[in-house]
Amino acid sequence: MTYHPKSDFMRVMMERGFLADCTDYQGLDEALVNGIVPTYIGYDATAASLHVGHLLNIMMLRWLQKTGHKPITLMGGGTTKVGDPSFRADERPLLTTDQIAANIDGMGQVFARYLAYGDGATDAVMLNNAEWLDNLNYLEFLRDIGRHFSVNRMLSFESVKSRLDREQSLSFLEFNYMILQAYDFLELNRRYGCTLQMGGSDQWGNIINGIDLTRRVLDHEIYGLTSPLLTTSDGKKMGKSQGGAIWLNGDMLSSYEFWQFWRNTTDADVGRFLKLYTELPLEECERLGALEGSEINGAKVILANEVTALLHGREAAQAAEATAREVFEKGGVGDDLPTLALSAEEIGEGISLAQLIVRSALAKTGKDAKRLISEGGARVNDAISTDAGQMFTADDLAQPVKLTAGKKRHALVVIG
């Protein structure tokens with residue numbers, strides 16, 4: 001739809017590509033113009049760190065605060081005990097209360113890099129839904145809240161329907177999750193005046209549930225806004241690498257490895273990622289994204305620097321760039337790395353990681369290379385790769401690619 005927003009926040013969301021859907025564009029836009037809108041995103045504490053897949057929505061909260069509104073990071077201390085079944089094939093492993101608390105501490109360190117927490121009108125607050133979920137009286141909850149939910153409608157939600165269509169088990173525990181998430185929005189509205197929930201587009205059904213429940217119980221006007229579920233231009237889920245999740249906590253993934261993840265962005269994604277993950281002006285993002293050939297590599301360095309600076313600080317970003325330059329331009333620290341020069345003809349339509357490792361003399365045979373890769377002993381640009389069939393084209397090798405076997409054996413692959 002074509003809608004011309006009046007509020008700064010909605011304008012940023014639409015211009016930079018954050019917006020997938022909204023329950024009431026005009027109503028929310030008016031609310032944003034007329035006062036401070038407390039807004040929440042929920043995060044279940046299933047790991048000790050957030051990862052790159054969460055970064056899009058964290059940036060939305062950051063822009064929300066920058067445009068004069070109040071972010072609420074809702075930690076799922078209660079709902080993590082149940083587990084979100086959305087688009088999963090199986091039930092999540094249940095965590096102990098101590099594990100959940102430790103995970104919340106780890107996640108909080110990341111939020112503090114992007115949001116200003118405090119007691120001011122637009123300062124962010126971190127809440128925990130265990131505050132109202134832990135002491136629920138089951139019979140009262142069924143009577144007061146459960147009566148507003150239609151099982152027929154809940155079964156129609158795509159997240160549940162897809163699981164049942166595949167004849168995969170859905171426990172009653174998990175089926176309760178969407179009721180609890182809806183109840184979160186009701187309680188946040190009642191206790192903290194929260195009027196907007198944001199999330200990925202896979203949360204649309206859960207968000208609608210919360211809005212319907214709050215309107216029925218409190219008769220309050222509230223809103224929902226979703227972001228697109230991002231995939232890279234080659235169809236992969238954003239934030240997944242060959243070595244697993246790209247964590248945001250520095251003790252789980254170094255700032256250099258984080259920088260490298262962004263430096264290795266595909267050409268086609270550079271402009272889009274600059275708009276979503278940095279605060280560079282829109283015109284600059286478009287200019288950099290339109291560069292071609294070797295010039296796009298300079299844009300990738302800017303992307304890596306800007307995203308890393310937001311999370312780890314400007315010094316860490318500059319150090320990562322300097323390390324990368326030393327490795328790739330000077331051939332490593334102290335001595336030259338052995339270099340494999342391939343012609344575009346040799347590469348053809350692509351060459352596999354296993355083949356590159358053999359050609360670089362980091363393994364004697366293809367079998368050895370595959371074993372090295374499967375055991376997690378191979379790195380591509382300092383990131384672990386476990387896919388022996390990962391393909392490299394001539395474009396991928398336009399900049400030198402560093403291969404590592406074990407801890408100390410390195411080689412560079414270049415177009416010669």
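**Exercise 1. Which residues do ring pairs link into a cluster?**

Solution. This is a predicted model, in which local features need pLDDT of at least 70 and side-chain atom pairs count only at pLDDT 80 or more, while totals for chains, interfaces and linings use all residues. Residues are numbered from 1 along each chain as its sequence is written, and side-chain values use heavy atoms, with hydrogens and water left out.

Begin with the rule for a pair: rings of Phe, Tyr and Trp (its six-membered ring) pair if their centres lie within 6.5 Å, and planes under 30 degrees apart count as stacked, over 60 as edge-to-face and the rest as tilted. The cluster that such ring pairs link consists of Phe258, Phe261, Trp262, Phe273 and Tyr277.

**Exercise 2. Describe the pair formed by Tyr43 and Phe111, and say where its two residues lie.**

Solution. The structure holds eight aromatic pairs. Among them, Tyr43 and Phe111 are edge-to-face, with 4.9 Å from centre to centre and 65 degrees between the planes. Next, place the residues: Tyr43 is in strand S2 (residues 38-43) and Phe111 in helix H4 (residues 97-114), so that the pair links distant parts of the chain, 68 residues apart. Helices (H or I, at least four residues) and strands (E, at least two) are DSSP runs, numbered from the N terminus.

Finally, consider burial, where buried means under 20% relative accessible area, exposed over 50%, and partly exposed in between (1.4 Å probe, protein chains only). Tyr43 is buried at 4%, and Phe111 is buried at 0%.

**Exercise 3. Explain why the pair of Trp262 and Tyr277 is called tilted, and which helices it ties together.**

Solution. The ring centres of Trp262 and Tyr277 are 4.9 Å apart and their planes stand at 55 degrees, so the pair is tilted. Because Trp262 lies in helix H12 (residues 255-263) and Tyr277 in helix H13 (residues 270-277), the pair ties together parts that are 15 residues apart in sequence. Trp262 counts as buried at 0% relative accessibility, and Tyr277 counts as buried at 1%.

**Exercise 4. Find the residue that lies over the face of Trp63.**

Solution. The rule asks that NZ of Lys or CZ of Arg be within 6 Å of the ring centre and within 35 degrees of the ring normal. Lys66 lies over the face of Trp63, at 5.5 Å from the ring centre.

**Exercise 5. State how many helices and strands the protein chain has, and what share of its residues is buried.**

Solution. The secondary structure comes to 19 helices and 15 strands. Of the 416 residues of the protein chain, 50% count as buried.
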